[in-house]
Amino acid sequence: YTTLNALPGSEAGALAVANVAHRGTAGWDTVFASPPDVNLTSLATAPPVMFSDDLSKALVGSRVKLTPDAPEGLNLYLHTRSPSSYRLVTPEGSGSAFLWEPTNAVGASKDFGRVFFSAGAKLTPDSPQPLFHPNLYEWDGSQLRNVGILPGESSPTSAGVTVYGPELHPVSESGAAVVFGAEDGGPTQLFRREGGVTVEVSKPNPGVLDPHRPREATFVGAAADGSSVFFTSASTLTDDAYTGENGGGETDLAPNLYRYDAASGEVTDLTIDESSERGAAVAVGKAVVAANGRVVYFVAEGVLADGATPGSPNLYRWSQGGGVQFIATLSPGDPIVSGFLVTEAVTDESGDAVAFVSAAGLAGRAGAAGIYEIYHWSTSEGLACVSCGSGWMRDGAKMPTTGLRLVSGCCLSWSADGAKVFFTTSDALVAADTNGKQ
């Protein structure tokens with residue numbers, strides 16, 4: 001977690017200090033993840049770029065020389081928390097060109113031995129000088145590499161690459177594969193690099209011809225082991241895909257949800273509308289992929305299963321071997337539909353359950369339509385409201401129609417076993433809640 005002031009004992013600067021709290025047998029203790037700032041000005045350090053899953057390691061930046069081999073300027077380091085130690089990640093000569101803003105976490109191997117990040121700087125001899133998008137780099141513990149390389153071993157133009165956050169699993173658990181986007185002479189397409197070889201993920205299957213130029217491909221997630229990649233595109237990539245057609249004969253109008261299989265190189269359309277002979281454009285929006293890569297939850301306007309409402313945002317579940325299942329019809333303003341919250345919906349690693357925010361008045365709460373509440377659906381228990389406890393009744397009356405007040409970008413997360421859902425709100429849902437007061 002981040003505090004706006006350094007806690008007692010921290011050597012970091014005065015602003016945006018990262019801390020790690022650990023609960024042991026004697027209670028909680030806090031260690032400091034931000035690197036030291038010799039001037040305590042907050043200008044020499046920034047919050048860590050990325051943590052390992054167990055929070056024992058972090059990729060951090062500092063203008064302070066934390067290792068003897070560090071050049072002057074801003075550098076990235078691998079910080080091991082206990083005992084505290086630093087290893088230089090960025091090479092000699094990179095510091096003067098390094099900027100904070102375009103430096104983002106992409107992902108890491110499970111052991112944090114291979115770390116991927118983006119930076120708006122030329123950090124290796126073969127990387128281009130980016131202008132609009134960053135470069136993608138991998139550090140394997142001893143060497144920094146440019147891995148944003150297109151098929152044929154060419155780097156993108158100065159436009160650079162499009163990178164995605166760790167929550168979408170663009171990096172496989174082994175660190176052997178990474179997914180990125182690039183504008184290869186047109187709209188952004190998706191690429192996967194493994195073993196020094198890059199393949200295009202979002203291209204049509206062999207024998208499938210789309211008369212139109214490629215449409216933009218949007219990465220929505222991948223299996224944690226890197227075996228499959230999920231994305232949306234309005235391009236016709238399979239022989240059974242249908243992406244819409246208007247009266248003038250124009251096609252490729254609505255995005256479908258596709259799955260790329262890394263072993264076979266084949267793309268599958270997961271959103272075939274079987275309600276008519278030719279099918280219909282389903283207009284897929286947001287999607288959430290389970291870590292096992294065998295389940296994906298997504299929103300689409302087409303009728304893909306019994307119970308769905310035509311032309312409305314329907315929440316579906318696709319499972320490998322099980323096909324598409326209807327979950328609920330959502331409200332057009334729901335976060336997973338409109339995307340105004342960072343955390344729009346979450347699923348556990350198995351994909352057996354999903355939690356999401358909706359104002360549609362679901363699970364028998366039609367009278368609560370227009371009020372945002374958190375719902376949980378599972379294969380074993382169906383749909384239920386998580387936030388509809390006794391705390392919602394105050395002085396015998398329903399909460400105001402403004403509904404659940406969520407903290408943007410910090411609303412939903414799971415316990416590791418998928419048994420608990422965590423969310424934030426300033427509403428008093430339990431008796432001990434202070435209702436936003438300290």
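Tutor: Start with a term: pLDDT is the predictor's confidence in each residue, from 0 to 100. A contact means heavy atoms within 4.5 Å. Both matter here, as this is a predicted model. Mean pLDDT is 78 for the protein, with 77% of residues at 70 or more. Two stretches need care. Across residues 390-403, pLDDT stays under 50, and the model has 29 contacts beyond four places in sequence for them. Residues 276-280 also stay under 50, with six such contacts. Where pLDDT is low, the predicted coordinates should not be read in detail.

Now the cavities. Rolling a probe the size of a water molecule over the atoms shows where empty space is left. The structure has two cavities of 30 Å³ or more.

The largest cavity holds about 60 Å³. Its lining includes Val 20, Phe 32, Phe 51, Leu 55, His 79 and Arg 81. Strand E3 (27-32) and strand E5 (57-62) each give at least two lining residues. By class, the lining has seven nonpolar, two polar and two charged residues. Lys 57 is also among the lining residues.

The second largest cavity holds about 40 Å³. Strand E13 (residues 177-182) supplies the largest share of its lining, three residues. Ala 177, Val 178 and Val 179 are among the lining residues, as are His 169, Pro 170, Arg 192 and Val 229. This lining counts seven nonpolar, three polar and one charged residues.

How values were computed
Residues are numbered from 1 along each chain as its sequence is written. This is a predicted model: local features need pLDDT of at least 70, side-chain atom pairs count only at pLDDT 80 or more; totals for chains, interfaces and linings use all residues. Side-chain values use heavy atoms; hydrogens and water are left out. On a 1 Å grid over the protein atoms alone, a cavity is a set of points where a 1.4 Å probe fits but cannot get out, and a pocket is an open set with protein on both sides within 12 Å along at least five of seven lines; lining residues have an atom within 4 Å of a point. Grid points are joined across faces, edges and corners, and a volume is the space filled by probe spheres set on the points. Helices (H or I, at least four residues) and strands (E, at least two) are DSSP runs, numbered from the N terminus. Ala, Val, Leu, Ile, Met, Phe, Trp, Tyr, Cys and Pro count as nonpolar, Asp, Glu, Lys and Arg as charged, and the others, Gly among them, as polar.
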